[in-house]
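Here is a friendly tour to read with the model open beside you.

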Amino acid sequence: MLTIARLTIGEAARRRVLWVLVILAAIAVSLTAWGVSTLVAGARDRGLSELEIKFAVSQILIFIAFMFGFVLVMTAAFFGSPAIATELESGVAQAMLARPLRRSSYLLGRWLGLAIVIAGYAAASGLLAIGVVGLVSGYLPPDPILPVAYLAGQSLVLLSLTVLLSTRLPPIAGGAIAVVAYGLAWMAGVLGKIGLALDAPSLVSVSDASRFLLPTDAFWQGVVYGLEPSFVINAAEGEFVARTSPFFAANGPAPAILIWALVWTVLVLALAVAQLRRREL
Amino acid sequence: MIRMPRLSLDLPAIEVTDLRKRYGAVEALAGLTMSVGRGEVFGFLGPNGAGKTTTVKLLLGLARPTSGSGKVLGAPLGDLGTRRKVGYLPELFRYQPWLRAREVLTLHGELMGLPRSRRRPAADEALQVVGLADRAGDVVGRFSKGMQQRLGLGAALLGEPALVVLDEPTSALDPVGRVDVRGIVRSAADRGAAVFLNSHLLSEVEQVCDRVAILDHGRVVASGALDDVLGQAETVVRVSGLGAGDLSAVERFGPPTLEGEVLTIRPMEEAGVPDLVAQLVSMGARIHEVRSGRSSLEQRFLELVARDRPPAGTPSAQRLR
């Protein structure tokens, strides 16, 4: 398994995918730094208080995290959906699986390699963005590692789904299904919040069912919660507008949903292994 | 933990009994029974869709048989540990295009469990054998098809496996490459490896194999030593001035048949040809051409696999397309 994981990481580096991601992240972080410093300087010139500036910067960070989270999800989908399918179609996998290599080791090795690349990219880019924004604005989230970990977790959940789809479906189909499923789960999360605020149990049920099927929304809640300053949470908690906003979270995700996400990932990977074992190569 | 196979030189390299494989309504393999010995080059022949590649996949554990049983190097089909001792060149030979040739082989060395210190020397040795030593550091994605097939052959020979399975090993090679492959196959057999050569290139099989099996519609229609499969030797004489009544005079050479000007004596070895010619001349016949020998593998193959096929162009043949 570790041989295949190492091979997968090597592939990302050798095919220049990693370097493209690093360059894109550097551009995004530079633009963010420039934008935030310009905004903060302008706000200070206009005499806004530090509290107001912190609030504004936290909102910008949440918006950047939203965009970055989507980029990570797309990266997971584009990396994961061809992971098995393309190698089976091309015959690269057959040459390796005729060796004493278990199909489970092959699949989990592919997943692990991609997971390390995606989580590493999420951690490096996310922490760099938060650090740079902190440097130019003076605002750092209470625990910068937490939102980055949630962003990585969200993309790993989606990576697992795409790897499962990759054992049966062509890459484009698997990637498209995963991205659409992620979008639906995100929307279901928003509807669930609105349902709670409006006391509409059917909306809440839809949201709960969606979290059960694809637990990515809980991670987004964790990202938002982790990027907010505590005074914002205290001030906005209970406000109707805040309770319905996808860009506000009064709490982090419940431990139960995080445990479910872990169990879900294990189950999805087990299903992927079973699918690959059953498949005639 | 993958169990190391216990190899015995007494056991056949491959032994399968009544192996069947069904894909939905299609019976790809309909009861294959065969045995391949150590140090033997075994040619597995058949037209497209006969079940050759299916057999290879079953032997390597890439697909599971619907029924039947088999052993590879003494272990049941699909045994993981045995694959350490099996080299395989797939029909669809594709390797990581972003790796260098030597890296592909060291990766396969790692996957087959070669000790770390042996991987690079074994890779270099295999590259040398297949004529890619000077391209060891080149990226595989820039290789021609022929070079990729040579690399695949190198992967199949890596670490001196006890069984080498080659699925259409010369499909992308030029004539020089084909000659090279014949030499490589023979030297693998000379060091004691069994070589299972899956091919539809009959001349290739004829020149390199000790035994052959001809597969058609998932069934073996002929098998055995090449001489046995090719059948008896015959002598064909194009002759004029000979009548049916003269045939009794040449019966001592073998049973004769005369069709127009073509006299066929079967069986008849080549050694009797001068005496036969002398006899015919003494009878006043005029000889235009004499051919002696066995039918080629191609002729035999066509006899075997074409006998239940309608001729091309007939309505039923057109339906098959």
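In this predicted model, helix H10 (residues 217–227) of chain A is largely enclosed by the rest of the structure, because 11 of its 11 residues are buried.

**The enclosed helix in chain A**
- The buried residues of H10(A) include Asp217(A), Phe219(A), Trp220(A), Gln221(A), Tyr225(A) and Leu227(A).
- What do the buried residues of H10(A) pack against? Their partners in chain A are helix H3 (50–80), helix H7 (145–166), helix H8 (171–198), helix H9 (201–213) and helix H13 (255–278).

**Nonpolar cores**
- The largest nonpolar core has 150 residues, and those with the most contacts inside it are Ile118(A), Leu163(B), Val195(B), Phe196(B) and Leu197(B).
- Helix H6 (residues 103–137) of chain A gives the most to this core, with 14 residues.
- Leaving aside neighbours within four places in sequence, Ile118(A) is in contact with Leu72(A), Thr75(A), Ala76(A), Phe79(A), Ser155(A), Leu156(A) and Leu159(A).
- A second, separate core of 10 residues includes Ile265(B), Leu276(B), Leu280(B) and Ala285(B).

**Chain B as a whole**
- Chain B has 321 residues, of which 40% are buried.
- Its secondary structure comes to 10 helices and 14 strands.
- The C-alpha atoms of chain B fill a box of roughly 75 × 45 × 45 Å along the principal axes.
- Of the contacts in chain B between residues at least 6 apart in sequence, 69% join residues at least 24 apart.

**Where the chains touch**
- On the chain B side, 24 residues are in contact with 19 residues of chain A.
- Helix H1 (52–60) and helix H2 (101–111) of chain B each supply at least two residues to that side, and H2(B) gives the most, with four residues.
- By type, the chain B residues that touch chain A divide into 15 nonpolar, four polar and five charged.

**A four-stranded sheet in chain B**
- The order S12-S13-S11-S14 (chain B) describes an open sheet of four strands with antiparallel pairing.
- Strand S12 (256–259) and strand S14 (286–293) of chain B are the edge strands, each pairing on one side only.
- From one strand to the next, the twist averages 20°.
- Strand S11 (residues 234–240) and strand S13 (residues 262–265) of chain B pair over four bridges in the antiparallel sense, and Thr235(B) has Ile265(B) as its bridge partner in S13(B).
- Helix H8 (residues 273–282) of chain B packs on the sheet, touching S11 and S14 of chain B, and its direction makes about 160° with that of S14(B).

Key: Residues numbered from 1 in each chain as written. Chains lettered and ligands numbered in written order. Predicted model: local features only at pLDDT ≥ 70, side-chain atom pairs only at ≥ 80, totals over all residues. Buried ≥ 20, exposed ≤ 12 C-beta atoms within 10 Å, placed from the backbone. Contact = placed C-beta atoms within 7 Å. Core = buried A, V, L, I, M, F, W, Y, C linked by C-beta atoms within 7 Å. Nonpolar A, V, L, I, M, F, W, Y, C, P; charged D, E, K, R; others polar. Pairing = 2+ DSSP bridges. Axes fitted to C-alpha atoms, helices over the stretch in contact; angles between N-to-C directions.
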